[in-house]
Amino acid sequence: MAPLIALREVSKSFTARSGTVTALDSIDLDIEAGEIFAIIGHSGAGKSTLVRLINGLEHATSGTVTVDGVVIGEQSEREMRRLRSRIGMIFQQFHLFRSRTVYGNVAYPLKLAGLPRERQRDRVAELLAFVGLTDKAWARPDQLSGGQKQRVAIARALANDPAILLADESTSALDPETTRDVLRLLRRVNAELGVTVVVVTHEMDVVRSIADRVAVLEAGRLVEVGTVFDVFSAPRTETSRRFAATVLRNRPGADDLTRLRKRHDGTLVSVTVDDDDVLGPVLTEAVREHDLRFEIVHGGIDTLQGRSFGSVTLALTGAERDIETTVDRLRAVAPVEVHA
Ligand code: ADP
């Protein structure tokens, strides 16, 4: 099946007073129907520009953006309207109509679509039940908490049964607990309604808790794309390494290593740990066969996409040859870094 969203060689530049800014540079990206896809990157990396290309608010300088079979920029006004109704959007600042009630906000796109009043009422009731705000139908946005506002925005974005929900920094203004609630709701939107969810964020926790796959943007370039597990368990670029480090604090940093060296004599070795429990057997054998001792001095094992993942740092002491043999055996079964 063709991907729901496909970007081919997409570049976007802006002409500013100071010269030309390349916001996106030769992006190739496929987002499949039914997935939760995250786009992560630091501020200015090009995330919002990418979203605006997908929803047709901006057009690529070169390359093609295809959404649900429609090539953006080549379609008729009618096709574009149909496409817009297939894409729901939510934002960091919610963008609710402050003068309308919750009901009025959610009913608004249905009214625009010309739905009879009776059907509007049924649909709004259904949507408010889905997001758990039935009892707030007649409240106004300023009477709601941040999390409730985002729920209203989600209900409104879902009103016309979109195929895609674009969430642009949708939890960045929320506290951690409310963030978790909103992410849980987005997961239900995906699982129960079959909506493809694209989240744009600078928060690694968001990616980790809901995304299936992730794309990492760095200064307008797509530097990594893959499953969340693959990208963050073996990050290949500085950006993804830094993002991974914000939640997976189990690899020793430079300061940790300095401190560990002061406290321990042996050779410091970090081993990446995943679902195949290989560390124990290799160390048991090393202790049994050689006069080798080890101390676990740093690390942790975490869960990423339902799999164990982490890094354990050992201080190995013993004869140099025995340490080498043990490191080789570890290397044969897991990624190993020897801290010289
Ligand atoms: P992000 O969402 O990752 O923070 P943006 O997509 O907003 O990044 O911006 C990417 C780059 O493009 C930045 O350097 C930004 O200044 C520039 N940019 C974005 N929109 C415009 C615009 N309308 N005019 C000029 N420069 C822009």
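## Contact between H5 and H6

In this predicted model, helix H5 meets helix H6 through Gly147, Gln150, Arg151, Ile154 and Leu158, whose counterparts in H6 are Thr178, Asp181, Val182, Leu185, Leu186, Val189 and Leu193. Sorted by class, this contact of H5 with H6 comprises seven nonpolar, three polar and two charged residues.

## How the two helices cross

Two packed helices are described by the angle between their axes and the distance between the axes. Here H5 spans residues 146–158 and H6 spans residues 176–193, and their axes come within 10 Å, crossing at roughly 20°. Because angles under 35 degrees count as roughly parallel, H5 is roughly parallel to H6. The crossing in which H5 passes H6 is right-handed.

## The six-stranded sheet

The model also contains an open sheet of six strands, arranged in the order E6-E7-E8-E3-E9-E10 and with mixed pairing. At its edges stand strand E6 (87–91) and strand E10 (221–227), each of which pairs on one side only, and from one strand to the next the twist averages 15°.

Strand E7, made of residues 164–168, pairs with E6 in the parallel sense over five bridges; within this pairing, Ile87 has Ile164 in E7 as its bridge partner.

## Where the helices meet the sheet

H5 lies across E6 and E7, and its direction runs at about 165° to E6. H6 packs on the sheet as well, touching strand E3 (36–41), E6, E7 and strand E8 (196–201), and the direction of H6 makes about 150° with that of E8.

Note on methods:
Residues are numbered from 1 along each chain as its sequence is written. This is a predicted model: local features need pLDDT of at least 70, side-chain atom pairs count only at pLDDT 80 or more; totals for chains, interfaces and linings use all residues. Side-chain values use heavy atoms; hydrogens and water are left out. Axes are lines fitted to C-alpha atoms, for helices over the stretch in contact, and angles run from 0 to 180 degrees between N-to-C directions. Helices (H or I, at least four residues) and strands (E, at least two) are DSSP runs, numbered from the N terminus. Angles under 35 degrees count as roughly parallel, over 145 as roughly antiparallel, 65 to 115 as roughly perpendicular and the rest as oblique. A crossing is left-handed if the near helix is turned anticlockwise from the far one by less than a right angle, and right-handed if clockwise. Contact means heavy atoms within 4.5 Å. Ala, Val, Leu, Ile, Met, Phe, Trp, Tyr, Cys and Pro count as nonpolar, Asp, Glu, Lys and Arg as charged, and the others, Gly among them, as polar. Two strands pair if DSSP finds at least two bridges between them.
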